[in-house]
Amino acid sequence: MKNLTLATFLLGSFMSITSLVGQGYQIGDQVADFTLTGVQDNPITFSEYMGEAGAIVIFTCNTCPWAVGYEDRIQELHTDLAPKG
């Protein structure tokens, strides 16, 4: 009975969380403006960086080995795409 109660609680919690997260964005969707706190506690607003051709947002971590291993690719994206706006 304890396992059934725990399973019901976990399932209900999971369903509540997934309903709050929503469906996310699809290719071609217009992204709502948002503000995040930068590494030096300064606010960074998405609309400040949005160019005519769009913007790329990458959430990464400088202590994650997978993310650190991807830094060269992120730099390549910047080098290739920044001149295009």
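This is a predicted model: local features need pLDDT of at least 70, side-chain atom pairs count only at pLDDT 80 or more; totals for chains, interfaces and linings use all residues.
Pro 43 sits in strand S2, which covers residues 43–45. Leaving aside residues up to four places away in sequence, Pro 43 has contacts with Thr 35 and Leu 36.

Let me turn to the loop that lies between S1 and S2, where Asp 41 is found. Most residues other than glycine have a negative phi. Asp 41 is not a glycine, yet its phi is positive, at about 60 degrees. As for solvent, Asp 41 is exposed, and its relative accessible area is 67%.

The next topic is aromatic pairing. A pair of aromatic rings is described by two quantities, the distance of the centres and the angle of the planes. The structure holds 1 aromatic pair. The partners are Phe 34 and Phe 46, with 5.1 Å from centre to centre and 10 degrees between the planes. The pair counts as stacked, because the planes are under 30 degrees apart. Where do the two residues of the pair lie? Phe 34 belongs to the loop between helix H1 (2–21) and S1, while Phe 46 belongs to helix H2, so the pair ties together parts that are 12 residues apart in sequence. Phe 34, at 27%, counts as partly exposed.

I come finally to the largest pocket. How much space lies in it? The value is about 1,100 Å³. The lining of the largest pocket consists of 25 residues, and those closest to the pocket centre are Tyr 49, Ala 55, Ile 56, Val 57 and Ile 58. Which elements give two or more residues to this lining? They are strand S1 (35–37), S2, helix H2 (46–49) and helix H4 (71–81). Helix H4 provides the largest share, with 5 residues. In terms of residue class, the lining of the largest pocket comprises 16 nonpolar residues, 8 polar residues and 1 charged residue.

Terms used: Residues are numbered from 1 along each chain as its sequence is written. Side-chain values use heavy atoms; hydrogens and water are left out. Helices (H or I, at least four residues) and strands (E, at least two) are DSSP runs, numbered from the N terminus. Contact means heavy atoms within 4.5 Å. On a 1 Å grid over the protein atoms alone, a cavity is a set of points where a 1.4 Å probe fits but cannot get out, and a pocket is an open set with protein on both sides within 12 Å along at least five of seven lines; lining residues have an atom within 4 Å of a point. Grid points are joined across faces, edges and corners, and a volume is the space filled by probe spheres set on the points. Ala, Val, Leu, Ile, Met, Phe, Trp, Tyr, Cys and Pro count as nonpolar, Asp, Glu, Lys and Arg as charged, and the others, Gly among them, as polar. Buried means under 20% relative accessible area, exposed over 50%, partly exposed in between (1.4 Å probe, protein chains only). Rings of Phe, Tyr and Trp (its six-membered ring) pair if their centres lie within 6.5 Å; planes under 30 degrees apart count as stacked, over 60 as edge-to-face and the rest as tilted.
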